[in-house]
Structure formats: C-alpha cells, structure tokens
Amino acid sequence: MKDKFDRTIDYLRISLTDRCNLRCIFCMPDEGVPLLPHEEILRIEEICAIVREMALMGLKKVRLTGGEPLLRKGILDLVQCLRDIPQLEEVTITTNGTMLKDLAEPLKLAGIRRINIGLPSLDPINYKLITRRGDINKALEGLQKAMEVGFHPIKINTVLLKGWNEDPIPFLKLITEFPVEVRFIEYMPLGRLLGKDSFLSAHEFLEKISSLTEFKETSSTPGNGPAQKSFQLPNAKGSFSLIAAFSDHFCPKCNRLRLTSDGEILPCLFSHQGVNLKSALRPYLDSSALRLKILEALSLKPKEKDLSFSTQRFMAQIGG
Ligand code: SAM
Ligand code: SF4
C-alpha cells in the first residue's frame, strides 16, 4: 500500500483491548479509561478479516498491543488465524509481561514471532509507583519464561521519565547479563498525562550513558522503527536503543496504520480523525466496502504528526 506521500504502508498495530491490569502514569489515568460496550469491540474473526483484506493490499507485519493484549479472550485463536494468512510475514506482540509466565509458550506455539515487554523500571518500588499497582516479579518471571521458550530478540520498552527511571545503570546491568534489547522511548504527550518537567529526551539519556560506559552504534535489529538507533556495549549479551519518537522527524519514513479495539483505523498516532470499519463487517462482511474504507483511512495519513490538536485519547486506547 502506498499513501499519497509515496510512503509504503505495510505495518498494522492492533489494539485488542483498552483494558489493562496496570495503570502506568505515562499511559493511563489512575481510574483507567471509560470501558467500551462489549458489542462495540471487534470480534476475533472480524480482526482477522480486516488483516486478511489488508494483507491482499500489501500489509506484511502486524503487532498486537493494547491496553494489555494478553487480557483479551481468544488471543491464541487470533494469532493462529493471522499466522495462516499467506502474505503476512510476521505477527508480533507488545505486552507488559505480567501474564507471560503462563502464556509465553502457547503464544510461541500459536505463531507469535517476537515479543516486546513494557518495563518502565527495574526497581521494585519505582515499578509499583510508575505502574500504580504492578509487581515487578511477575513481569520479570514473564521475561524469564519468554527467554526460556526461545523468543529472540526480546525487546524491553522503557518510557523515559525524568525523576523516575533516569539512572541507566540497572538497565545496563540487565543487558550485560541477558540477550535482550532495551529500548528507551521518549514520552509522547497523548492525553497530556504528564507535564513537560517529566520529559527526558533520548539525546539527554544517551549523554548519561556516555558518561558511564563506552558503546558503539550498530545496525538495526529486526522490527526496528524509523525513529530508532541501536547501540552495543563491550562484552554485553544484549544491546540498547533509543527511540526519539517525540524529538525526531521520522514521519517521512512512517510505514504504519493503527486499528483500535472498536474498529477504527487511525492514520497516525496523533490523528484526531479515523475511519471506522464496522459498517463493512456487520451484519456481514462486505470485502469491497472494507477495502474502500481502508483506502479512505490511507488517504487521510498526514505528511507529518500534528500536535496542535493533541488527541484526547490515551496510548492504551490507540494501541501504543
Ligand atoms: N500493555 C502493553 C505494554 O505495556 O507494553 C502494551 C500496550 S502499551 C500502550 C505499548 C507500549 O506503549 C508500552 O510498552 C510503552 O512503552 C508505550 N507507551 C505507553 N504510553 C506511552 C507514552 N505516553 N509515550 C511513549 N510510549 C508510551
Ligand atoms: Fe497498561 Fe501497557 Fe499502558 Fe502500562 S503501558 S497502562 S501496561 S497498556
């Protein structure tokens, strides 16, 4: 699929649910997000039908996310359904890891190729404060299980927060011992949950790391996005990368669309306008209408992010 700025769009991020068992301060308000009525949420077979149509149009990669995607009933059926779409090259998932102890193996067997785990701090107290309720041991057990069942490379998503996780040392120790890639991600002000004083830029964080150790820039690992630079420490099993999602001008290389759990295709993370696909799926699937709606969403893809509208949606509602 090409958009009107000649970018190839071959990647879809799917939010399977707005719900989450955590309430990370950068992602969701303490009270959670207003729950959508059950009938508004796309059914598993509807999601698969959308991906099947988009794969015929050139889609190559899908990432399941949320909210917490592992809370979604039927996720293994969905992965199996997606795995059987011949044009699709990979199905990946982003999870907070707290349920991976039980689900890493079934996900691997169902056909998930790669896992990213959201881990905003390695300090148990800070983790609990940032996630407002999480137990870091559950996330670490999930990470351990994912490594045991052979997921590789596992990426850790760490949203940079001034005053909360700005010490790189625990993360550098983690990548010295384990073959994981820690991705330090700039906070994006969706829903305006945090003020400017919490923002820690990727550039500033890299300077902190430079004052502690040597490293060298490496070529990108599979699945890395346009705003990402990767680095290797001497004698470390893992690596780290920085995602300057807010400061960098990566829009010219953007390759993605997003699908919300209630069936809206969002052309950009910061979109205030999307296209809902449900009328092409209910009461029965109308493939030509579905394709037209997907093309309409594609035509709305902006040249670059527009922060002036500042979407009122939170990351968990969009599918971060
Ligand atoms: N619950 C899963 C998790 O925590 O990874 C998947 C959904 S979460 C919305 C996906 C990723 O979005 C998280 O791993 C986190 O890194 C990122 N994220 C959430 N809110 C963000 C924000 N405001 N700015 C930048 N990244 C954010
Ligand atoms: Fe939940 Fe993930 Fe958002 Fe944290 S980042 S509140 S785990 S959806």
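**Ligand 1**

I began with Met188, where a polar backbone atom lies 2.8 Å from a nitrogen atom of ligand 1. The model is a predicted one, and I kept that in mind for every entry. I then looked up Gly67 and found that a backbone N or O atom of this residue sits 3.1 Å from a nitrogen atom of ligand 1. For Asn157 the side chain is involved: one of its N or O atoms is 3.1 Å from an oxygen atom of ligand 1.

Next I asked how much of ligand 1 the protein buries. Taken alone, ligand 1 exposes 540 Å², and 94% of that is buried by the protein. I also checked which elements give two or more residues to the shell around ligand 1, and noted β3 (90–95) and β5 (154–159).

I listed 18 residues around ligand 1, of which Phe26, Gly67, Glu68, Asn157 and Met188 come nearest. Sorted by class, this shell has nine polar, seven nonpolar and two charged residues.

**Ligand 2**

Which residues are around ligand 2? I wrote down Cys20, Leu22, Arg23, Cys24, Phe26, Cys27, Gly67 and Asn96. By class, I noted five nonpolar residues, two polar and one charged in the shell around ligand 2.

I looked up the second largest pocket and noted a volume of about 370 Å³. Its lining is made of 15 residues, and those closest to the centre of the pocket are Thr17, Arg19, His38, Ile41 and Arg72. By class, I recorded seven charged residues, six nonpolar and two polar in the lining of this pocket.

**The disulfide**

How many disulfides are there? I counted one. The disulfide joins Cys48 to Cys81, with 2.0 Å from S to S. I noted -100 degrees about the S-S bond, and the link of Cys48 and Cys81 is left-handed.

I then asked what the link ties together. Cys48 lies in helix α1 (residues 44–56) and Cys81 in helix α2 (residues 75–83), so the pair ties together parts that are 33 residues apart in sequence.

**Backbone angles**

I found a cis peptide bond between His152 and Pro153, with omega at about -5 degrees. Pro153 belongs to the loop between α5 (136–148) and β5.

I found a cis peptide bond between Arg282 and Pro283 as well, with omega at about 5 degrees. The place of Pro283 is the loop between β12 (275–276) and α8 (287–299).

Last, I looked up Arg132. Its phi is near 65 degrees, a positive value in a residue other than glycine. I placed Arg132 in the loop between α4 (124–131) and α5.

Key
Residues are numbered from 1 along each chain as its sequence is written. Chains are lettered from A and ligands numbered from 1 in the order in which they are written. This is a predicted model: local features need pLDDT of at least 70, side-chain atom pairs count only at pLDDT 80 or more; totals for chains, interfaces and linings use all residues. Side-chain values use heavy atoms; hydrogens and water are left out. A residue is near a molecule or strand if one of its heavy atoms lies within 4 Å of it. Ala, Val, Leu, Ile, Met, Phe, Trp, Tyr, Cys and Pro count as nonpolar, Asp, Glu, Lys and Arg as charged, and the others, Gly among them, as polar. A polar contact is a pair of N or O atoms within 3.5 Å; within protein, one must be able to donate a hydrogen and the other to accept it, and residues adjacent in sequence count only if both atoms are side-chain atoms. Accessible areas come from the Shrake-Rupley method with a 1.4 Å probe; for residues, only the protein chains shown count as cover. Helices (H or I, at least four residues) and strands (E, at least two) are DSSP runs, numbered from the N terminus. On a 1 Å grid over the protein atoms alone, a cavity is a set of points where a 1.4 Å probe fits but cannot get out, and a pocket is an open set with protein on both sides within 12 Å along at least five of seven lines; lining residues have an atom within 4 Å of a point. Grid points are joined across faces, edges and corners, and a volume is the space filled by probe spheres set on the points. A disulfide is a pair of cysteine sulfur atoms within 2.5 Å.
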